Amino acid sequence: AAQGGLPSPAQRAEAMQALEAFAEASFVLRETQDDAFELGRARLALGDARGAKADFARSLVQSGSHPATFRSIAACDVDLGDFSAARAALDAALALDPDDSATLAAITSVSQVAMPAALPRMASA
């Protein structure tokens, strides 16, 4: 692995090829588990927030709404710098389960990350 435990560009490319093969195979097999969600998790771990978000959106369509899926979409949005979209995804998760501790923790975390990111915009306004 490259510095900091992150995959090297060659390892990342190899993993992305494996993910694409998995995606094609799971489409053909139509497994009952939520392959789109699992593929999204793998893409997000590899740093492909845009691709992961598309997988999570497909998971919502194929497997229905679940707080974990909306939290995962929020994680993608944070990686992409879209904090308002992240908050909207977390609000959707909270609507499904208002007592979900993981969602409540994610809302706090996103608020802490979003505030410093907003300060330069607020200062220039």
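1. Is valine 78 buried, partly exposed or exposed? This is a predicted model, and in it valine 78 has a relative accessible area of 24%. Buried would require a value under 20% and exposed a value over 50%, so valine 78 counts as partly exposed.

2. The surroundings of valine 78 can be described next. Valine 78 lies in helix α4, which covers residues 67-79. If neighbours within four places in sequence are set aside, valine 78 is in contact with Phe83, Ala86, Val110 and Val113. Alanine 49 is 29 residues away from valine 78 in sequence, and the C-alpha atoms of the two are 8.9 Å apart in space.

3. Arginine 71 is another residue of helix α4. Its relative accessibility is 23%, so arginine 71 counts as partly exposed. Not counting residues up to four places away in sequence, arginine 71 touches Leu90, Ala93, Asp100, Ala102, Thr103 and Ala106. Between the C-alpha atoms of arginine 71 and alanine 92 the separation is 8.9 Å, and these two residues are 21 apart along the chain.

4. Now the whole protein. It contains six helices and zero strands, so the pattern read along the sequence is α-α-α-α-α-α. Of the 125 residues, 33% are buried. The accessible surface comes to about 7600 Å², and carbon and sulfur atoms hold 58% of that area. Among contacts with a separation of 6 or more, 44% join residues 24 or more positions apart.

5. Two packed helices are described by the angle between their axes and the distance between the axes. For α2 (residues 35-45) and α3 (residues 49-63), the angle is about 165 degrees and the axes are 8 Å apart. Angles over 145 degrees count as roughly antiparallel, and α2 and α3 are therefore roughly antiparallel to each other. Their crossing is left-handed.

6. Which residues of α2 and α3 meet? From α2 come Ala36, Phe37, Leu39, Gly40, Arg41, Arg43 and Leu44, and from α3 come Ala49, Gly51, Ala52, Asp55, Phe56, Arg58, Ser59 and Gln62. By type, the residues of this contact of α2 with α3 are seven nonpolar, four polar and four charged.

7. Helix α2 also has a list of buried residues: Asp35, Ala36, Phe37, Leu39, Gly40, Arg43 and Leu44. After α2 comes glycine 47, which has a positive phi, near 90 degrees.

8. The second pair is α3 and α4. Their axes come within 9 Å and cross at roughly 160 degrees. The cut-off of 145 degrees applies here as well, and α3 and α4 are therefore roughly antiparallel to each other. This crossing, too, is left-handed. On the α3 side the contact is made by Ala49, Ala52, Lys53, Phe56, Ala57, Ser59 and Leu60, and on the α4 side by Thr69, Phe70, Ser72, Ile73, Cys76, Asp77 and Asp79. These residues divide into eight nonpolar, three polar and three charged.

Terms used
Residues are numbered from 1 along each chain as its sequence is written. This is a predicted model: local features need pLDDT of at least 70, side-chain atom pairs count only at pLDDT 80 or more; totals for chains, interfaces and linings use all residues. Side-chain values use heavy atoms; hydrogens and water are left out. Axes are lines fitted to C-alpha atoms, for helices over the stretch in contact, and angles run from 0 to 180 degrees between N-to-C directions. Helices (H or I, at least four residues) and strands (E, at least two) are DSSP runs, numbered from the N terminus. Angles under 35 degrees count as roughly parallel, over 145 as roughly antiparallel, 65 to 115 as roughly perpendicular and the rest as oblique. A crossing is left-handed if the near helix is turned anticlockwise from the far one by less than a right angle, and right-handed if clockwise. Contact means heavy atoms within 4.5 Å. Ala, Val, Leu, Ile, Met, Phe, Trp, Tyr, Cys and Pro count as nonpolar, Asp, Glu, Lys and Arg as charged, and the others, Gly among them, as polar. Buried means under 20% relative accessible area, exposed over 50%, partly exposed in between (1.4 Å probe, protein chains only). Accessible areas come from the Shrake-Rupley method with a 1.4 Å probe; for residues, only the protein chains shown count as cover.
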